[in-house]
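Visitor: I'd like to go through this model with you, starting with how the chains meet and then moving to the ligands. Could you bring it up?

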Amino acid sequence: MTEDILTITDLKKHFVIGHNGLIHRTPITVKAVDGVSLSLRKGETFGLVGESGSGKSTVAYMTVGMYRPTSGTIRFRGEDLFDGSKERSKRHKKEIQIVFQDPGSSLNPRRSIKDILDLPLRIHQPQKNRLEEIVRLLSLVELPPEYMYKYPRQLSGGEKQIVAIARALATDPSIIVLDEPTSALDVSIQGKVINLLIRLQQEFELSFLFITHDLSLMRNVASRVAIMYLGKICEVADAAEFFENPLHPYTQMLLSSIPVLTEEEEALKPVKVESRGEIPSPVNVPPGCSFHSRCPYAEAICKQVDPEMKEIRPGHTVRCHLFASDRSQA
Amino acid sequence: MTRQPLLEIENLRVGFKVYGGELHVLDGVDFVVNKGEKVGLVGETGCGKTTTMKAILRILPQPPGFIESGVIRFHGRDLMQVKDREMRHIRGQGISMIFQDPTAALNPVFTIGQQLEPVIKYASPENRRLPRKVIRQKAIQALRDVSLADPERLLKAYPVQLSGGMRQRVCIGMALATNPELLIADEPGTSLDVTIQDQVLRLLHQLVEERDSSVILITHTLGIVRQMTDRLYVMYAGNMVETAPTRRIFTNPLHPYTQGLMDAVPKLTGGGVAHGIPGRIPDYLHPPTGCRFHPRCPHAMDICRQKKPSFYTVEEAHQVACFLYDTSSGADSAPARKEALA
Ligand SMILES: Nc1ncnc2c1ncn2[C@@H]1O[C@H](COP(=O)(O)OP(=O)(O)OP(=O)(O)O)[C@@H](O)[C@H]1O
Ligand SMILES: Nc1ncnc2c1ncn2[C@@H]1O[C@H](COP(=O)(O)OP(=O)(O)O)[C@@H](O)[C@H]1O
Ligand code: SF4
Ligand code: SF4
Ligand SMILES: [Mg+2]
Ligand SMILES: [Mg+2]
């Protein structure tokens, strides 16, 4: 088995968004990420899937060092990324890069593509001939060298995202966190960006933490998939196993809800778990299993006890009372 | 099947005056919706879907927008000729629209009741004479119809107090409260999470089936129209490029753009992600000559750069605007056509 390059253990990020009460002020917190553990293997694409507000981006921002965790650890090749020091080390910044969802706002509109690509080179690769390096980066992402003189507003959404990928490659990273890299793009453009990412991954042995809400896309790019709901992971499995044998009721609901194009795809959906109820506010997460308010299988215990993550099959773990050890034999 | 046409659009051309010239957006749109029919309209961002609907409802901002030519008939009557007052009634009871963004469609400073009740009241001269209590009862019923709990309380709530899914339900309730003959839904649920979108779409589907309303469902998610519509239009850069019964288009797409689009959607069956369609949607200041798709089309021929293709009927009810299907033009397109059909 390939080595784990990144290990996230019991990661939490709680935001204080206000206070209750006048004298005994109690903080109102959002548990954006509430005990996430996962590992990323060298050269793999790990898909992190969930609906809006589930905490995916917060995991991403902690992974690249933009946020400090409330608790828990993130290790890169065994080294703790938040070991007391305030700032993340330059070396770790170089190793873990990110591509954001919105290609419009992630590139500085006042800088040319050349300047945008020059900045990370100046910091992380000062010894290199930077102009040559910029031309090389552009050719890696299949953009002509003249593009260095353009400004973001002159590029289409897809091209902006491709420049953001080139910028991430500039530091020669081992890991790229992809936060919904194609969800702002039209589907006819998406394929180009995805195939470029796959080619670059193979060429440079990159590991991707790929965040998305598109399960059909994950089916085609991820080696493993994890589902997040209200700050917690509820199921993880190898992609093939995940789509053949989804176990968590929420995973089944997600899969039942996606609109597909063909009968063959329809046949791959699990037993229909019809979507119902509202996604609870993250300020007011239901006690016990946070999915109980929408779960058709919820029982008394689900409202009181938060289930533990449990490995059902090698590599396939689920957080749900239906799969507790004493029951699964029944 | 001899269904009556309810809405007919012929050769609609709409542009926008902007700094630097004119954007030639709608390039002769032809479009028909029959009574009781559920029609899907798909196409990528910027292809002109919303502009077409705004022209139908006469809510296109003019300027900068302007209608160059075209006829829009509803029940056989030319909508461009009817008086403003009558148009308000048509918008009240004839045609309703659900807008793309439920947050923007609801005014944040008024309660749901303050927005819903006038819609019902001004829908018709008869409703105008109804006492306030009856209007309120109808408003409560409209919210109940879209499965919203506690409608009395909701009438007093402000939009911010509702979740995205609830706001979209309110918009659907508002659009259906007047029992329109034609409902236009512009990307309903696009801004919602997939499980919530699924709830909203199932509800919408059930309501329009019950009422036998005609529907235009606009989306760029192909899977959604597959579940919900009888017939489909595919739009590209201001033109309708293909129409057929929905099932048929999904099993046998003919226009190179439709084929590219279907291919580009990642499938649950796996097999990798297709490379998509090269290039991008044209600049409407200087749109391509002839077939607007030719710079991106893998089958483009000389004639495609010179002439605009009209609709060719390939099979009953299946029409394609592409020279590959022009059987009269003789030999030059035959090999490419074979390839495209393969
Ligand atoms: N008020 C306006 N002024 C100038 N251009 C406009 C205006 N409204 C629309 N357009 C242009 O017309 C084209 C079609 O726009 P439209 O909103 O109809 O597209 P759409 O298919 O609905 O896209 P989306 O999926 O993004 O809503 C776009 O290029 C758009 O920029
Ligand atoms: N800086 C912040 N301050 C307060 N709340 C935040 C902040 N960042 C994220 N949140 C909250 O945390 C939750 C998860 O957010 P996010 O990580 O952005 O989820 P996703 O990317 O899945 O949409 C949301 O409820 C969001 O409002
Ligand atoms: S623990 Fe209970 S409520 Fe939660 S998913 Fe499992 S069955 Fe449903
Ligand atoms: S008319 Fe020509 S350019 Fe247009 S879609 Fe057909 S083959 Fe392609
Ligand atoms: Mg996010
Ligand atoms: Mg639109």
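Guide: Chain B and chain A bury about 3400 Å² between them, with 54% of that on carbon and sulfur atoms; buried area here is the accessible area, taken with a 1.4 Å probe, that two parts lose on being put together, summed over both. The model is a predicted one, in which local features need pLDDT of at least 70 and side-chain atom pairs count only at pLDDT 80 or more, whereas totals for chains, interfaces and linings use all residues. Residues are numbered from 1 along each chain as its sequence is written, chains are lettered from A and ligands numbered from 1 in the order in which they are written, and side-chain values use heavy atoms, with hydrogens and water left out.

Visitor: How many residues of each chain are in contact there?

Guide: Chain B brings 39 residues into contact with 45 residues of chain A, where contact means heavy atoms within 4.5 Å.

Visitor: And how many salt bridges between the two?

Guide: There are 6 salt bridges between chain B and chain A, each defined as a side-chain nitrogen of Lys or Arg within 4 Å of a carboxyl oxygen of Asp or Glu. One of the salt bridges pairs A:E266 with B:R226, whose closest N and O atoms are 2.9 Å apart.

Visitor: Switching to ligand 2, which residues are closest?

Guide: Ligand 2 is surrounded by 14 residues, the closest being A:G53, A:K56, A:S57, A:T58 and A:P282; a residue is near a molecule if one of its heavy atoms lies within 4 Å of it. A polar side-chain atom of A:S57 lies 2.6 Å from an oxygen atom of ligand 2, and a backbone N or O atom of A:G55 lies 3.2 Å from an oxygen atom of ligand 2. The side chain of A:Y67 has a polar atom 3.5 Å from a nitrogen atom of ligand 2.

Visitor: Which element gives the most to that shell?

Guide: Helix 1 of chain A does, with 3 residues, and strand 1 (4–20) and strand 2 (26–41) of chain A each supply at least two.

Visitor: What about ligand 1, which residues are closest to that one?

Guide: Ligand 1 has 15 residues around it, with B:T45, B:G46, B:K49, B:T50 and B:T51 the closest. A polar side-chain atom of B:T50 lies 2.6 Å from an oxygen atom of ligand 1, while a backbone N or O atom of B:G46 lies 2.7 Å from an oxygen atom of ligand 1. Helix 1 of chain B gives the most to the shell around ligand 1, with 3 residues.

Key. A polar contact is a pair of N or O atoms within 3.5 Å; within protein, one must be able to donate a hydrogen and the other to accept it, and residues adjacent in sequence count only if both atoms are side-chain atoms. Helices (H or I, at least four residues) and strands (E, at least two) are DSSP runs, numbered from the N terminus.
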